[in-house]
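Reader: Could you help me learn to read the features of a protein model?

Author: Gladly; here is the one we will look at.

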Amino acid sequence: MNGAESLVHSLLRSGVTTCFSNPGTSEMHFVAALDRIPGMHCVLGLFEGVVTGAADGYARMAGKPAATLLHCGPGLANGLANLHNARRAATPIVNIVGDQATYHRPLDPPLTADAEGFARGVSGWVRTSMDVRTVGADAAAAVQASKIAPGQIATLILPSDTSWNEGGVVADALPTLPTPAAAPNQIEQAAAVLRRGGDGVVLLLGGVALHEEGLALAHRIQAATGCRVVAEGSNARMARGQGRLAVERVPYVVDQAVKAMAGTRQLILAGSRKPVTFFAYPNKPQSSIPDDAPVHLLARPEQDVVEALARLADALGCPKIAAPDNGVRPEAGRGALTPESVAATLGALMPEHAVIADESITFGRGFFANTCAAAPHDWLNVTGGAIGGGMPMATGAAIGAPGRRVINLQADGSAMYTVQALWTQAREKLDVTTVLLSNRKYQILLGELANVGANPGRTALDMMDIGNPDLDWPAMAGAMGVEAARTDTAEGFADLLAHSLQRPGPFLIELAI
Ligand SMILES: Cc1ncc(C[n+]2csc(CCOP(=O)(O)OP(=O)(O)O)c2C)c(N)n1
């Protein structure tokens with residue numbers, strides 16, 4: 001058995017069954033091994049940002065890591081922005097990078113780069129396999145490392161000779177390391193704050209606290225104590241829709257965030273961090289939380305936050321209660337395409353257990369209100385602020401959650417970073433509906449210009465205009481095998497969305513907003 005074969009066998013034994021890949025010469029033995037070993041679903045992405053973003057979306061839905069397969073330092077570098085987003089989402093990924101043969105590297109061939117250095121900024125664990133006999137064990141260790149709570153990127157670099165040499169040894173799965181529990185005083189302190197109650201107690205949820213079980217516990221705590229429950233601004237995965245506690249997020253826009261959080265008198269962190277603004281702005285605060293509000297720590301992101309919420313609910317004696325009633329589903333929107341009408345149509349039509357991959361940037365800021373009474377669904381945000389995450393995330397989520405329709409709410413400027421994801425959606429016949437929000441601008445940056453107090457002229461404004469030439473979305477999608485249509489009315493959107501949901505495979509709806 002060669003090293004590459006021991007790698008694939010060991011990944012499979014550790015439960016890694018999907019590999020998003022964009023290989024090169026140094027990964028040829030891995031690719032060849034896949035021919036001989038059944039059980040690994042290998043998915044080609046035509047740019048490494050698609051590969052890494054898809055691995056992120058996959059793990060968020062599948063609840064277990066995928067592997068990537070990237071080519072040398074430069075291939076890894078192309079995938080770094082979405083690895084950054086995945087790191088911010090605490091997504092487990094086994095990030096495999098093929099590299100120069102150990103004895104060829106000293107000659108400094110053209111693709112030689114500091115792959116370990118590139119990897120380190122996004123990875124919680126980095127190892128280079130230097131001997132064919134340890135490749136299997138290194139793979140098992142990488143899977144184990146990736147799953148250390150709350151989840152992290154484990155990068156395994158494989159010089160090509162360790163792949164092709166004979167002498168590979170298959171490794172068994174290593175045990176999943178236990179997630180540390182919150183200390184008793186963390187629970188007691190949060191319980192004391194909630195018992196004292198009063199206005200302005202905020203329970204801020206992050207990470208898995210926003211999955212179904214955590215939200216149900218937060219609902220009980222809220223009902224019993226009257227606290228306010230809020231989610232972090234960007235979240236890896238949030239259970240939403242009918243029967244799930246409707247939770248607002250800390251807004252992106254600083255002034256709105258400050259206004260939304262102004263009433264906070266006590267902040268309790270549950271798998272979350274104290275909010276900070278995305279950027280500093282002249283004469284604006286760096287956090288939306290009032291400076292004098294004490295911060296209490298129910299559970300750190302790396303602690304078992306759902307178990308901590310359960311202990312907190314017990315400590316407070318919160319009774320079991322019926323699931324929340326978020327009211328009636330909205331009617332599909334009518335007339336002009338506005339954030340409200342688009343959200344109403346989504347709320348009306350999204351199927352049960354849809355997965356929303358949200359990179360809607362400015363147009364989507366109001367989407368939450370009209371979708372909380374929709375059918376139960378999961379909502380995924382791009383978490384690290386690096387645009388170009390949405391389409392790959394939707395692609396991976398569709399593979400990680402087979403049988404569930406993915407709806408990708410996708411701003412046009414961000415879409416252009418990783419648009420090749422459409423091709424993977426077509427090739428893999430994925431049930432992804434892309435709602436392409438075509439404003440032909442970097443709208444958010446127009447707001448940021450005002451925020452930093454700049455006075456833009458023609459040249460500055462041109463840097464935020466992505467029309468001229470206009471992007472032809474139906475043609476672009478069609479060129480990659482994805483059927484598409486354009487509309488400029490809410491009625492047209494409802495028709496196209498209903499159409500896309502009834503047919504298998506991907507579909508792109510361009511909304512001229
Ligand atoms: C990797 C990366 N490059 C650049 C940026 C800066 N940036 C933030 S938003 C944005 C434009 C977003 O435009 P679009 O996706 O069309 O959304 P809109 O603002 O129009 O709603 C840019 C370039 C970023 N956040 N991440």
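Author: Let's start with a pair of helices: the crossing of α3 and α5 is left-handed. That term applies if the near helix is turned anticlockwise from the far one by less than a right angle. This is a predicted model, where local features need pLDDT of at least 70, side-chain atom pairs count only at pLDDT 80 or more, and totals for chains, interfaces and linings use all residues. Residues are numbered from 1 along each chain as its sequence is written, and side-chain values use heavy atoms, leaving out hydrogens and water.

Reader: At what angle do the axes of α3 and α5 cross?

Author: Axes are lines fitted to C-alpha atoms over the stretch in contact, with angles from 0 to 180 degrees between N-to-C directions. Here α3 (residues 48-62) and α5 (residues 80-88) cross at roughly 20 degrees, and their axes come within 7 Å. Therefore α3 is roughly parallel to α5 (angles under 35 degrees count as such).

Reader: Which residues of α3 and α5 meet?

Author: Contact means heavy atoms within 4.5 Å. Gly49, Thr52, Gly53, Asp56 and Arg60 of α3 meet Asn82, Leu83, Asn85 and Ala86 of α5.

Reader: Is Thr264 buried or exposed?

Author: Buried means under 20% relative accessible area, exposed over 50%, partly exposed in between, with a 1.4 Å probe and protein chains only. Thr264 counts as buried because its relative accessibility is 0%. Thr264 sits in the loop between α11 (254-261) and β11 (266-270). A polar atom of the Thr264 side chain lies 2.7 Å from the backbone oxygen of Met261.

Methods:
Helices (H or I, at least four residues) and strands (E, at least two) are DSSP runs, numbered from the N terminus. A polar contact is a pair of N or O atoms within 3.5 Å; within protein, one must be able to donate a hydrogen and the other to accept it, and residues adjacent in sequence count only if both atoms are side-chain atoms. Angles under 35 degrees count as roughly parallel, over 145 as roughly antiparallel, 65 to 115 as roughly perpendicular and the rest as oblique.
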